[in-house]
Amino acid sequence: MIKNLTAEQEALLPVYRDKWLDIGLSTEPLNFEKAKAAVCVAYESVGLPKPTKFYTAKSPIDAIRLIKNLNPTMGTNKIMSDMAYGCHDANWLGFYQYFRDVVGIKACEKLDGLIDLAHHCGWLNMYHDTVVFQDRPKHIKFDDQNRLHCEYGPAILYRDGYSVYAWHGVTIPSEWITNKGELTAKIALTWVNTEQRKAACEIIGWATVLRELNAHTIDSDEDPMIGTLLEVDIPDIGNEKFLRVLCGTGREFAIPVPPNMKTALEANAWTYGLEGNLLRDLEVRT
C-alpha cells in the first residue's frame, strides 16, 4: 500500500494538472483516426468487441440529430445521458494517468483507451457496435476568474455554429448579447431566474437599471467622482446597495457594494481596497 508520495512524485503534480487543463480546454479539431484507435482500446479493456461503425458530429446538437437518424426510438434526454465527455473528462482521467505513470499503479492501465481518447476528441456516444465522435469547440472564452464569459459573442462556439452564451459563469439567452439594444430594464427585473436576472442587469448596466427603480439615497458626496450611495429593493433578490459615480470620462456607473457601506466615500474607498479617510487624503494630496 502506498501511503506517501516522494518529493519527486509531488513535484510532478502541477505538471499533470497543467497538462490536463490544456487537454480539457483544447479547441483542436477532432483527430478521427487517433480517436477511433483509442476507443477500440477502451472497448477491449472491458472485454467488449471493437465497434465497427464510426460517425462524426460537429457539436452535441449535431450528435443528437445524427443518433436520432440512426435510431429514431432514441430520445434527446437518453442520448444526452449516454454521452461520455472525452477531453472534458480531464478532471478525473488526469488523476488516474498520474497514478499510472508516476506512481506505477497497474490497475489504472484499464483506462488507457479513455486517457488516450481524451487527447483527440470532444464528447462522444459509445454503443454496442457504434461510436459517434464529436468535435471539440472552436473556441472557449472565460473571464478573469475562469468562468465562462464573453461580452460580444458566444462563450463556447462549435464548428457548426452551435453555441453557448454566458455572462460570468451564468448561461444566458443569446439575444442578450447579439441584440443588446432589445434587452430592457423591465425584461431584466422581471426575469424568473435570479442568476440570469443579475446577469441581465449587469449587461444593461446597473446605472440604467437603477433609473427604473425607486432607489433610496443613503448618502451623497459633494464630489461626483466619489458619488452617491443608493439602496434599492430588487425583486426576489432583496435589498442591494450601489455606488453611483461619475468617472473621469464623464460616464456614469453604478457599482454593487457590500451591504455594510454607510457613506459614498466609504463605498468608493472599498472599490480601491482603502479606508474612506485614506482615499480623501490621497485625493487632497493629488
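Is Asp22 buried or exposed? At 57% relative accessibility, Asp22 comes out as exposed, where exposed means over 50% relative accessible area, buried under 20% and partly exposed in between (1.4 Å probe, protein chains only). This is a predicted model, so local features need pLDDT of at least 70 and side-chain atom pairs count only at pLDDT 80 or more, while totals for chains, interfaces and linings use all residues. Residues are numbered from 1 along each chain as its sequence is written, and side-chain values use heavy atoms, with hydrogens and water left out.

**Asp22 and its setting**

- Asp22 sits in helix H2 (residues 13–24); helices (H or I, at least four residues) and strands (E, at least two) are DSSP runs, numbered from the N terminus.
- Take Asp22 together with Ala63 and you get 41 residues of sequence separation and 24 Å in space, C-alpha to C-alpha.

**Salt bridges**

- Side chains of opposite charge can pair when their charged atoms come close.
- The count here is 9 salt bridges, each one a side-chain nitrogen of Lys or Arg within 4 Å of a carboxyl oxygen of Asp or Glu.
- One of them joins Lys78 and Asp82, at 3.2 Å from N to O.
- Both partners belong to helix H5 (residues 76–82), and they sit 4 residues apart, about one turn of the helix.
- Lys78 is partly exposed at 46% relative accessible area, and Asp82 is partly exposed too, at 22%.
- Arg100 and Asp112 also make a salt bridge, with 2.6 Å between the closest N and O atoms.
- That pair links distant parts of the chain, as Arg100 is in helix H6 (residues 90–101) and Asp112 is in helix H7 (residues 112–117), 12 residues apart.
- Asp112 has a relative accessible area of 28%, so it counts as partly exposed.
- Then there's Glu109 with Lys106, where the closest N and O atoms are 3.6 Å apart.
- Glu109 is partly exposed at 38%, whereas Lys106 is exposed at 61%.
- Shared partners also tie Arg100, Asp101 and Asp112 into one salt-bridge network.

**Aromatic pairs**

- Searching the whole structure turns up 11 aromatic pairs; rings of Phe, Tyr and Trp (its six-membered ring) pair if their centres lie within 6.5 Å, with planes under 30 degrees apart called stacked, over 60 edge-to-face and the rest tilted.
- Phe54 and Phe133 are a stacked pair, 6.3 Å centre to centre with 5 degrees between the planes.
- Phe54 is in strand E1 (residues 53–57) and Phe133 in strand E4 (residues 130–134), so this pair ties together parts that are 79 residues apart in sequence.
- Phe54 and Phe133 are both buried.
- For Tyr98 and Phe99 the ring centres are 5.1 Å apart and the planes at 85 degrees, so that pair is edge-to-face.

**The largest pocket**

- Rolling a probe the size of a water molecule over the atoms shows where empty space is left.
- The largest pocket holds about 340 Å³ of space; a pocket, on a 1 Å grid over the protein atoms alone, is an open set of points where a 1.4 Å probe fits, with protein on both sides within 12 Å along at least five of seven lines.
- Its volume is the space filled by probe spheres set on the grid points, which are joined across faces, edges and corners.
- The lining has 14 residues, with Glu202, Gly205, Trp206, Ala254 and Pro256 nearest the centre; a lining residue has an atom within 4 Å of a point.
- Helix H10 (194–204), helix H11 (206–212) and strand E13 (252–257) are the elements that give two or more residues to this lining.
- E13 supplies the largest share, 5 residues.
- By class, the lining splits into 7 nonpolar, 3 polar and 4 charged residues; Ala, Val, Leu, Ile, Met, Phe, Trp, Tyr, Cys and Pro count as nonpolar, Asp, Glu, Lys and Arg as charged, and the others, Gly among them, as polar.

**The sheet**

- E1-E4-E3-E2 is the order in an open sheet of 4 strands with mixed pairing; strands pair if DSSP finds at least two bridges between them.
- E1 and strand E2 (83–84) are the edge strands, each pairing on one side only.
- E2 runs antiparallel to strand E3 (residues 124–126) over 2 bridges, and Ala84 stands opposite Leu124 in E3.
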